[in-house]
Amino acid sequence: MMWLSWRQFRVQALFGAGALAVIAVYLLYLGGDIRDAHDVYQANCDNSANCAQARSQFRSAFQNTLLFLATGLALIPALIGTFWGAPLIARELENGTHRLVWNQSVTRPRWLLGKILLIGAASVIVTGAAAALLTWAARPFDDVVKEQFDTFVFGARNIAPIGYAALAFTIGTVVGLLLRRTLPAMAVTLVVFIAFQFFFPNVVRPSLMPPDRTTLPMTAEAINSAQNLGSIGGGSVIGGVRIPDAPDAWIAETSPLRTADGKALASSEFNSCLDDPPRTGAGGTFGDTAVCLAEHDLHVDVLYHPSSRYWAFQWLETAIYVALSGILTAFGVWRIRRRVS
């Protein structure tokens, strides 16, 4: 059974091995380049002013490349589910070749499990190896930038991609078993997995553990250290704040700017500081606007997860994806035993 599955899968396996070899060569080269740049960053980081500039230069040199690679790695499980998982059973049922196997001594559940275990293992190995290489290449950058909880970064480092690959593959297999047509199964698998990958980080991941809570005074310096002010929907909001005692924490939620009595700053006052602040000649990212807002004695309430929880989130998320993969596999075994003829 395993030999037959391997014979059917050998072309895809060779393609996957070739793609992984190309990825490995590039990431080994990139990792060396990042480490050389990191040495330059450390050499230039001799005081706070120079360190900030060196950090900015180091970050800008590799941020877009690593973001592109993280996005590409996120597509690997989706492509595995689409091109390896969806056709796995759908093509057999569509062409009728399953009847030959089922008339032999191999039972339907054993036939299905044999295929899932062999090709599922290949899916996990390819994705896990690519994630390990990217994690190694980006480690000096991640140590400096400290954005490990960023959605794309979190999903492209360490063990989380292994869970993604397992789930994508089993989604494809079960969808193919249900639809019994290859092309529709491939399309549905791609849509379902991508939708789930948007849903889980934004809805489920923040709830995996209860967040800590703190209040941050919004001084001019604190406002200037944020990433943005305002939003498309309007309102007195600030984004990208950092907790001084935990600068690499994951900010799960930030309240609107609040006055000393706990009420949200009025939109009219916020827009006045944003559009036409008193001229003070202040520097910084937001300059006079930051000074104007700071005069209102503002603060924000923040829900956050400290960086010490990073590995707990990695293990929890991976376990959930693997558990969902196991549930789908069990459903597939039940389905093929009871309903597929």
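Two residues are in contact when heavy atoms of theirs lie within 4.5 Å. The model used throughout is predicted.

**Exercise 1. Describe how helices α6 and α7 pack against each other.**

Solution. Step one is to locate the helices: α6 covers residues 160-179 and α7 covers residues 182-204. Step two is the geometry. The two axes come within 9 Å and cross at roughly 140 degrees, and the crossing is right-handed. Step three lists the contact residues. On the side of α6 they are Y164, L167, A168, I171, G172, V175, G176 and L179. On the side of α7 they are P184, A185, V188, T189, V192, F193, F196 and Q197.

**Exercise 2. Describe the crossing of α7 with α11 and name the residues that make the contact.**

Solution. Helix α11 consists of residues 310-338. The axes of α7 and α11 come within 13 Å, and the angle between them is roughly 140 degrees. The crossing is right-handed. From α7, the residues F196, Q197 and F200 take part, and they meet E317, I320, Y321 and L324 of α11.

**Exercise 3. Determine which strands pair with β5 and in which direction they run.**

Solution. Begin with β1, residues 212-217: six bridges join it to β5, and the two strands run antiparallel. Within this pair, D212 has Y304 of β5 as its bridge partner. Continue with β4, residues 250-254, which is joined to β5 by four bridges and is likewise antiparallel to it. Here I251 has Y304 as its bridge partner in β5. Finally, consider burial. Strand β5 covers residues 299-305, and six of its seven residues are buried, so the strand is largely enclosed by the rest of the structure.

**Exercise 4. Explain why α10 counts as largely enclosed, and identify elements that cover it.**

Solution. Helix α10 spans residues 287-294. A residue is buried when its relative accessible area is under 20%. In α10 this applies to G287, D288, T289, A290, C292 and L293. Six of the eight residues are therefore buried, and the helix is largely enclosed by the rest of the structure. The cover over these buried residues includes α8 (220-224), β2 (228-229) and α9 (267-275).

**Exercise 5. Is P210 buried or exposed, and which residues does it touch?**

Solution. P210 is found in the loop between α7 and β1. Its relative accessibility is 65%, so P210 counts as exposed. Setting aside residues up to four places away in sequence, P210 touches H305 and R309. P210 and H305 are 95 residues apart in sequence, yet their C-alpha atoms are 8.3 Å apart.

**Exercise 6. Compare the annotated spans 66-90 and 312-334 with the model.**

Solution. An unreviewed UniProt entry annotates both spans as "transmembrane region", along with others, including residues 12-31. In the model, residues 66-90 are 100% helix and 0% strand, with end C-alpha atoms 36 Å apart. Residues 312-334 are also 100% helix and 0% strand, and their end C-alpha atoms lie 33 Å apart.

How values were computed:
Residues are numbered from 1 along each chain as its sequence is written. This is a predicted model: local features need pLDDT of at least 70, side-chain atom pairs count only at pLDDT 80 or more; totals for chains, interfaces and linings use all residues. Side-chain values use heavy atoms; hydrogens and water are left out. Axes are lines fitted to C-alpha atoms, for helices over the stretch in contact, and angles run from 0 to 180 degrees between N-to-C directions. A crossing is left-handed if the near helix is turned anticlockwise from the far one by less than a right angle, and right-handed if clockwise. Buried means under 20% relative accessible area, exposed over 50%, partly exposed in between (1.4 Å probe, protein chains only). Two strands pair if DSSP finds at least two bridges between them. UniProt positions are given in the numbering used here, feature names are shortened, and annotations may be inferred rather than shown by experiment.
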